[in-house]
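User: Please take a close look at a single residue of this model. Then place that residue in the setting of the whole chain.

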Amino acid sequence: GGDVPAPANRSRGSVLTFGRYAGWSLRDLARRDPEYLLWLSRHSSGIRYRTEIYGILHTLGVSAA
């Protein structure tokens with residue numbers, strides 16, 4: 001796992017398999033560390049999650065701009 005233990009009851013959706021948040025779903029991560037999720041959406045390792053990340057952040061009222 002990553003450096004930060006994942007929640008016991010994981011939310012649905014994509015789950016990271018790398019980095020300090022390995023084992024975390026994107027939804028859980030958005031609640032815990034939305035700034036990291038924004039960074040991930042702009043980083044090459046997170047491009048495959050970009051659309052999902054933007055949707056989650058929009059639902060939570062966080063701007064992706």
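The residue in question is Arg-31: where does Arg-31 lie, and which residues does Arg-31 touch beyond those up to four places away in sequence?

Analyst: This is a predicted model, in which local features need pLDDT of at least 70 and side-chain atom pairs count only at pLDDT 80 or more, while totals for chains, interfaces and linings use all residues. Residues are numbered from 1 along each chain as its sequence is written, and side-chain values use heavy atoms, with hydrogens and water left out.

Arg-31 lies in helix α1, which covers residues 26–32; helices here are DSSP runs of H or I with at least four residues, and strands are runs of E with at least two, numbered from the N terminus. With a relative accessible area of 55%, Arg-31 is exposed (exposed means over 50%, buried under 20%, partly exposed in between, with a 1.4 Å probe and protein chains only). Leaving aside residues up to four places away in sequence, Arg-31 touches Ser-11 and Leu-60, where contact means heavy atoms within 4.5 Å. Leu-57 is 26 residues from Arg-31 along the chain, and their C-alpha atoms are separated by 9.2 Å.

As for the setting, the protein chain has 3 helices and 0 strands, in the order α-α-α along the sequence. Buried residues make up 32% of the 65 residues in the protein chain. Of the contacts in the protein chain with a separation of 6 or more, 24% are between residues 24 or more positions apart. Along the principal axes, the C-alpha atoms of the protein chain fill a box of roughly 30 × 25 × 15 Å.
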